[in-house]
Amino acid sequence: GHILDDYLRTDGVWILTRNKQSYKTNNEKECAEKCEAERNFNCRAFLFTRKKLQCLTLAENAKMSVMFASTDAVLFEKRIYLLECKRGIGKDYRGTEAKTWRGVPCQKWAEKIPHKPNYTPQKHPNAGLEENYCRNPDGDENGPWCYTTDPATRYDYCNIPECEDQITHTGEVECMQCNGEDYHGEVSRTESGLQCQHWDAQEPHIHGFTLKHYPEKDLKMNYCRNPDGELRPWCFTTSPTKRWEYCKIPPCTTRPPASDPGSQCLSGKGEDYRGRIAITESGSACQHWNTQFPHKHGWIPDRYPCKGLEENYCRNPDGEKRPWCYTINRSTRWEYCRIPPCDGREQEIAGMNNVPIQVPLIEECYRGKGQSYRGTTSTTASGKKCQAWNSMFPHRHEKTPDKFPDADLRDNYCRNPDGDNSPWCFTTDPNTLWEYCNLKRCDDHTQE
């Protein structure tokens, strides 16, 4: 596999660390090689900045240090140091559990009181004998252990859970098709071994992914799911310092059962539309999905193999109101497409097509700071599409309908739930968290 497969990537964050080394590298792969070759300390993670091409190898990871936002930085953490579970007898366990199964604190491996150790960092430099963390330097069949701080007990075993083995009760390995949106398995740990938070719980993380809002997404127990079109199934974690994380569910080796070739007309929201219309309702040609010009975006065909992102055809990969596309017009990021309705839905679709959803109505305006605005504009001042308030893709946030019940956070309409200067929204552009909306203040002399 690729060297970066051993690391967990987090974009846009920086961590404070005392022990680090700086290098000049051309890309993330070269930086990973510096981390592997680091001899000044045990490299647990590295930071890479795209603009300066700076590489920082780090002795700490986000579990051990303070993390904050930094637009240009990418943090790569070695997965083995994030795992809080053991594989087999746990000889490669490098987690931070530091007490025995009875709750007695562990003695530091480098200390000689109350017990003189046979296993020390000097004698076993590759066994991960740091601090007083549970380890298995001698390959004990009972798993990780430590010398204890109790003078009456020389050593004892630690209670480290087994890593999720992804084997179902039928004996088959769990796997996912496409991006795992139809995954209904029972994996309930993240790829770093953290336990998943139950979907019906709001602790330690408040969120909008409830059965009430997503009745068809099978949000059962604390099983990994993909309710919002992410790259693969994920969950909120039970760790207060890690809001969410992907789950490690392998792709199925067998192809999904052959489905129909997709609809050539519009039914429902048009998520199954696979026709060849490639022009927006205002007449703009669509940008090809596999290009990033003139508009950068995250809907890359290779990442979303089952969304039908071919050529520059209109599609609905994200559950929008109907099929859309990015346009080749620099000043218009995206627009809906006019797709002929399927039989029996002419009236309903025709009525929907007559609503100018993309272009704000001229009479739409806001008073004061716009906290009372209840219109249907869903475009930012720079022309970006708004993200739905109950969605966490591409941006995760806490401005959910549950948390702001009086703010009318419906669909992806512009609102002002937090008393900002004017109505705003999160955007569907992965590189832009939020923007103010394309709305004017009402003239005091006109009626709203």
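**Labels and the numbers behind them**

User: Why is Lys220 called partly exposed?

Analyst: Lys220 has a relative accessibility of 45%. Buried means under 20% relative accessible area, exposed means over 50%, and partly exposed is in between (1.4 Å probe, protein chains only). So 45% puts Lys220 in the partly exposed class.

Quick background: this is a predicted model, where local features need pLDDT of at least 70, side-chain atom pairs count only at pLDDT 80 or more, and totals for chains, interfaces and linings use all residues. Residues are numbered from 1 along each chain as its sequence is written, and side-chain values use heavy atoms, with hydrogens and water left out.

User: What makes Asp218 and Lys220 a salt bridge?

Analyst: A salt bridge needs a side-chain nitrogen of Lys or Arg within 4 Å of a carboxyl oxygen of Asp or Glu. For Asp218 and Lys220 the N to O value is 4.0 Å, and they do meet in a salt bridge. Asp218 itself is buried, because its relative accessible area is 19%.

User: Is Asp156 buried or exposed, and what about Arg102?

Analyst: Asp156 is buried, at 9% relative accessible area, whereas Arg102 is exposed, at 58%.

User: What makes Lys307 and Glu181 a pair?

Analyst: They form a salt bridge, with the closest N and O atoms 2.7 Å apart. This pair links distant parts of the chain, 126 residues apart. Lys307 counts as buried because its relative accessible area is 14%, while Glu181, at 27%, is partly exposed.

User: How do you know that strands E1 and E5 pair?

Analyst: Two strands pair if DSSP finds at least two bridges between them. E1 (residues 7-15) and E5 (residues 67-78) are joined by 8 bridges, so they qualify, and they run antiparallel. Asp11 has Val74 in E5 as its bridge partner.

Key:
Helices (H or I, at least four residues) and strands (E, at least two) are DSSP runs, numbered from the N terminus.
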